[in-house]
Amino acid sequence: MSVANRPVHRPLSPHLQVYRPQLTSMLSILHRATGIALSVGVLYLAIWVICAASGAGTYEAFRGFNSSIIGRFVLGGWLFCVFYHLFNGIRHLFWDAGYGFEIKDAYRSGWLVLIATAVATALSWIVGLRLI
Amino acid sequence: MTDLRTHLSRARGLGSAKSGLHHWWVQRITAVALIPLVVWFAVSLVMMSGADYATVRAWIGSPIVMVLLILTIVIGLHHAQLGMQEVVEDYVHSEGLKLASIIALKFIAVFFGLAASVAILRIGFGG
C-alpha cells in the first residue's frame, strides 16, 4: 500500500460519554428525543382522525386503547413531549434570531423551559387525564 | 481569513448540500406556524378527553376545526419529516440506506397527510 492510500488514524474528538452531563447538552438531547417521539405522535394524530372517519366501531376501539393504562401513558407522554418541544423550540427560535447566547442566559432559558414544561404538563394531566 | 470559495459559489449561496438554507428555513417557518396550532390542539385535546364518538365527529366537522386540524397535521408532518431527515443524516452512514430512509420519510408524510385530510373532509362534508 502506498503512503497516500494508507488509512490515516487522526485523533478523534472526545466522545459523548467522557463529558459530565450539563443542563444545556441534556436539554439539547431531549429536544431531539421529543422530536422523534412527536414524529410518531403526529402519525398517531393522523390515525385518530382516520379512525373517527371510519365509523363508530373503529373509533371505539381506538378510544378503548386510549383510556387503557398504556393509552394514558402514551397520551400523557405525548403531552409532555409537545410542551417540552414547544417551549424549547421557542428557545431555539430566539437563538436563531441571535438572542440568548451567553452561557448564563442559556442556563436561565433552559430552566425556564423546564419550569414551563412541568407546569403545562401537570395542568394538562390533571385536567385531561384525571390523574389525581 | 481568506475566502477560498469562487465568486460564483458565493453568489449561488447553495453550499455543499446544494440546497442552501432551504431545509433550515422551512423548518423554522413550519416551527413558527406550529406554535399557535399546537397550543390550540393541546388545549382542545385536554378539554375533549373522554368525549364520545358523536361529540368528537361534531367537533372535527365544524369548519374552523377542519381547517385548523388539517393545518396542524399537514404542517406537523412536514416539520417532523424535516427533523427526522436531520436525524437520519446524522446517524445513518451508508449512502444507500440514508437515501432510502429519507425517501421513505417523505412518502410516509405525504401518505398520512393526504389520508388525514381526506378523513377530516369526509367527516365535515358527511360521507
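A: With 23 C-beta neighbours inside 10 Å, Leu79(A) counts as buried, since that term requires 20 or more other C-beta atoms within 10 Å of a residue's own, with C-beta atoms placed from the backbone. The model is a predicted one, in which local features need pLDDT of at least 70, side-chain atom pairs count only at pLDDT 80 or more, and totals for chains, interfaces and linings use all residues. Residues are numbered from 1 along each chain as its sequence is written, while chains are lettered from A and ligands numbered from 1 in the order in which they are written.

Leu79(A) lies in helix α3 of chain A; helices are DSSP runs of H or I with at least four residues, numbered from the N terminus. Leaving aside neighbours within four places in sequence, Leu79(A) is in contact with Thr121(A), Ser124(A), Trp125(A) and Ala42(B), a contact being two C-beta atoms, placed from the backbone, within 7 Å. By comparison, Asp96(A) is 17 residues from Leu79(A) in sequence, and their C-alpha atoms are 25 Å apart in space.

The contact between the chains takes 27 residues from chain A and 28 residues from chain B. On the side of chain A that touches chain B, α1 (23-54), α2 (56-67), α3 (69-96) and α4 (103-129) each supply at least two residues. Val49(A) touches residues of chain B, namely Ile60(B), Leu69(B), Ala116(B), Ala119(B) and Ile120(B), not counting residues up to four places away in sequence.

Note on methods: Buried ≥ 20, exposed ≤ 12 C-beta atoms within 10 Å, placed from the backbone.
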